[in-house]
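Colleague: Could we go through this model together, one residue at a time? I would like the cut-offs spelled out as we go.

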Amino acid sequence: MKIGDRVQVTKSVIVYHHPKSKQKPMDIKGMEGELIDIVTEWQGRPVSANFPYLVKFEKKFKAHFQEHELKVI
């Protein structure tokens, strides 16, 4: 996967920060978005992020994932 790829969530992932769910649990399995970043450093220092893949789905909704939770479409 590389930045700019269109991806789809393939595993069941529950989020609480989706703008339409108002802090209630929402499963985003099947949603499609754009990979906008792969987190490898923070403030110039290397990091080993648990969820390094940042995906933007809608105007106000982004989420971090592991590689096995996404597939390129």
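Colleague: Which residues does R6 touch, not counting residues up to four places away in sequence?
Modeller: This is a predicted model, in which local features need pLDDT of at least 70, side-chain atom pairs count only at pLDDT 80 or more, and totals for chains, interfaces and linings use all residues. Residues are numbered from 1 along each chain as its sequence is written, and side-chain values use heavy atoms, with hydrogens and water left out. Contact means heavy atoms within 4.5 Å. With residues up to four places away in sequence set aside, R6 touches E32, G33, E34, K71, V72 and I73.

Colleague: Where is R6 found, and why does R6 count as partly exposed?
Modeller: R6 is found in strand β1; strands (E, at least two residues) and helices (H or I, at least four) are DSSP runs, numbered from the N terminus. Buried means under 20% relative accessible area, exposed over 50%, and partly exposed in between, using a 1.4 Å probe and protein chains only. R6 therefore counts as partly exposed, because its relative accessibility is 42%.

Colleague: Which side chain meets that of R6 in a salt bridge?
Modeller: Side chains of opposite charge can pair when their charged atoms come close. The rule for a salt bridge asks for a side-chain nitrogen of Lys or Arg within 4 Å of a carboxyl oxygen of Asp or Glu. At 4.0 Å, N to O, the side chain of R6 meets that of E32. This pair links distant parts of the chain, 26 residues apart: R6 is in strand β1, and in strand β4 (residues 32–38) lies E32.

Colleague: How many Å apart in space are Q8 and E32, C-alpha to C-alpha?
Modeller: Q8 is found in strand β1, and Q8 is buried because its relative accessible area is 19%. Among the residues that Q8 touches are G30, M31, E32 and E69. In sequence, Q8 and E32 are 24 residues apart, while their C-alpha to C-alpha distance is 4.3 Å.

Colleague: Let us turn to the backbone. What is phi of K22 near, and where is K22?
Modeller: Most residues other than glycine have a negative phi. K22 has a positive value, near 55 degrees. K22 is exposed, because its relative accessible area is 66%. Its place is in the loop between β2 (14–15) and β3 (26–27).

Colleague: And what is phi of Q43 near?
Modeller: Q43 lies in the loop between β5 (41–42) and β6 (45–46). Q43 counts as exposed because its relative accessibility is 60%. Its phi is also positive in a residue other than glycine, near 50 degrees.

Colleague: Which residues gather in a patch of positive charge on the surface?
Modeller: Patches are made of residues with over 30% relative accessible area and no salt bridge, like charges being joined within 9 Å and nonpolar side chains (Val, Leu, Ile, Met, Phe, Trp, Tyr) within 5 Å. One of the members is K60, in the loop between β7 (53–58) and β8 (61–65). K60 counts as exposed because its relative accessibility is 71%. The residues that gather in this patch are K56, K59, K60 and K62.

Notes:
Accessible areas come from the Shrake-Rupley method with a 1.4 Å probe; for residues, only the protein chains shown count as cover. Lys and Arg count as positive and Asp and Glu as negative; His and the chain ends are not counted. The place of a charge is taken as NZ of Lys, CZ of Arg, CG of Asp or CD of Glu.
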